Amino acid sequence: MDNIGYALAVDLDNAFPEVVEEMGTRLYWGLRRMSADHQEAEDLTQETFIRAYNALNGYDRQRIRDMKLESWLWTIALNLGRNHVRDRSRRPTWVELEDLGTEDPEIADGHAWDRRLECLNRHQRTAVVLRHVIGMGIADITEATGRPAGTVKADIHRGLAKLKEVMEDET
Amino acid sequence: MSIETELSTLLGKLPDGINEGVALGTGLAEGFDLYDSAIGQVAVTFNPEGVSSLDIADVGFEDRFRSRFERPLIRAEAPGSWARHIPSAIEEGRPGKLPVDLRSVTKFQADVLGRTATIPRGEVRPYAWLANEVRRPNAVRAAGSAVANNPIPLIIPCHRVVRADGHIGNYSLGGPDNKVDLLEHEGTRPGWLEGLAAQHVRFRGDSSTGVVCHPTCHAVRRSEKANVVGFRSLKAAMDEGFLACEVCRPCC
């Protein structure tokens, strides 16, 4: 990621598609696990990159080189996600049943995990996904979520305990 | 397998479309779509700022676009907030509510094209008029090359700009035959314009109102035939006490 930060600072337009290539999968699947919704995860992933590009356009080279790209992208994505949920709760949504599952790149077991993750509260779910699905460190999660390290650790701990409980109930 | 290990396998592949969606949304690539026009199917390119080019939708279109604009091109739907204005802008020959992106040309050229977009359907203006409208009356050739390099023909109606001698002149979008077809489609008769030019008539005035216009200005076209007088120059009309029309602003 260090090299990408440098490449972005030198030539934003040329390096940005590489960022999308490198980070898109992690961003999309993280958001997908947090929302259990393909369309929402896809919209948020695209919007996050578009916001990031527009912001980077206004930053000087030093600032771009120094930034922690992944946690910064997650900060944008999580903020957008919060607003997205708020916007959606203000108006009713209709889901066309026949559209469900089409173009869905879901992997085996994914839906089972969505059901389990749905039992966690929002903070626990975000922290567990960032830590164990994406594989981010505590410091980066702290930066991305704006929550203190101790709180993040507790969210992960309680989240995992809850998942264990849910899975024991399944058998 | 522990819960932690199982969670780490929950990453899949990146869905198709995200890369392209980001490229279009950031403007790193241009989108294009096909539309009908009076001279056949055309390809319109766009980015978040607006419509950026229009060309004949033939096999060479994508290559011409890439060599001129040096940008990636993706087949896509235009942004929903203004996509519906594209067909009417093509048919009416003016941008109207459609945002246009003229960042590919210079400020002067954008000014010239902005004035070109105000020429009403059914009318034509000479190149010198455009130069005068952008307050650079001596830059007639530069105005001519701005029009010749118009990235968004049809929507910015450069087919309504003709030579001062009444010949309809060149046309970038598939050649002069298309220009004739477009003018006829809009009710301007190129043969009639050339007939006037053969008689050295470059302006027409209405003797009852004392106003002199470009020959195709709708003001003078509404005049009684018996009152219409032709002039070789604006000065000749002024010498007879005619005033320049405030709508078409004849100048040269």
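Four strands of chain B form an open sheet, in the order β3-β2-β1-β4, with mixed pairing. Strands here are DSSP runs of E, at least two residues long, and helices are runs of H or I, at least four residues long, numbered from the N terminus. Two strands count as paired if DSSP finds at least two bridges between them. The edge strands are β3 and β4 (73-75) of chain B, each pairing on one side only. From one strand to the next, the twist averages 35 degrees.

Before I go on, this is a predicted model: local features need pLDDT of at least 70, side-chain atom pairs count only at pLDDT 80 or more, and totals for chains, interfaces and linings use all residues. Residues are numbered from 1 along each chain as its sequence is written, and chains are lettered from A and ligands numbered from 1 in the order in which they are written.

Strand β2 (residues 42-47) of chain B runs antiparallel to β3(B), and six bridges join them. With two residues between them, β2(B) and β3(B) form a hairpin. B:V42 has B:I56 as its bridge partner, and B:V44 stands opposite B:L54. Is β3(B), residues 50-56, mostly covered or mostly open? Five of its seven residues are buried, meaning that 20 or more other C-beta atoms, placed from the backbone, lie within 10 Å of the residue's own.

Helix α3 (residues 61-69) of chain B lies across β2, β3 and β4 of that chain, at about 130 degrees to β3(B). Axes are lines fitted to C-alpha atoms, for helices over the stretch in contact, and angles run from 0 to 180 degrees between N-to-C directions.

Next, the contact between the chains. Residues are in contact if their C-beta atoms, placed from the backbone, lie within 7 Å. Chain B puts in 18 residues and chain A 26 residues. On the chain B side, α1 (3-7) and α2 (18-26) each supply at least two residues; α2(B) gives the most, with seven.

Last, a helix pair in chain A. Helix α8 (residues 138-145) packs against helix α9 (residues 149-170) at about 105 degrees, their axes 9 Å apart. That makes α8(A) roughly perpendicular to α9(A), a label for angles of 65 to 115 degrees. Which residues make the contact? From α8(A) they are A:I138, A:I141, A:T142 and A:T145, and from α9(A) they are A:A149, A:V152 and A:K153.

Methods. A residue is buried if 20 or more other C-beta atoms lie within 10 Å of its own, exposed if 12 or fewer, and partly exposed in between; C-beta atoms are placed from the backbone. Two residues are in contact if their C-beta atoms, placed from the backbone, lie within 7 Å. Angles under 35 degrees count as roughly parallel, over 145 as roughly antiparallel, 65 to 115 as roughly perpendicular and the rest as oblique.
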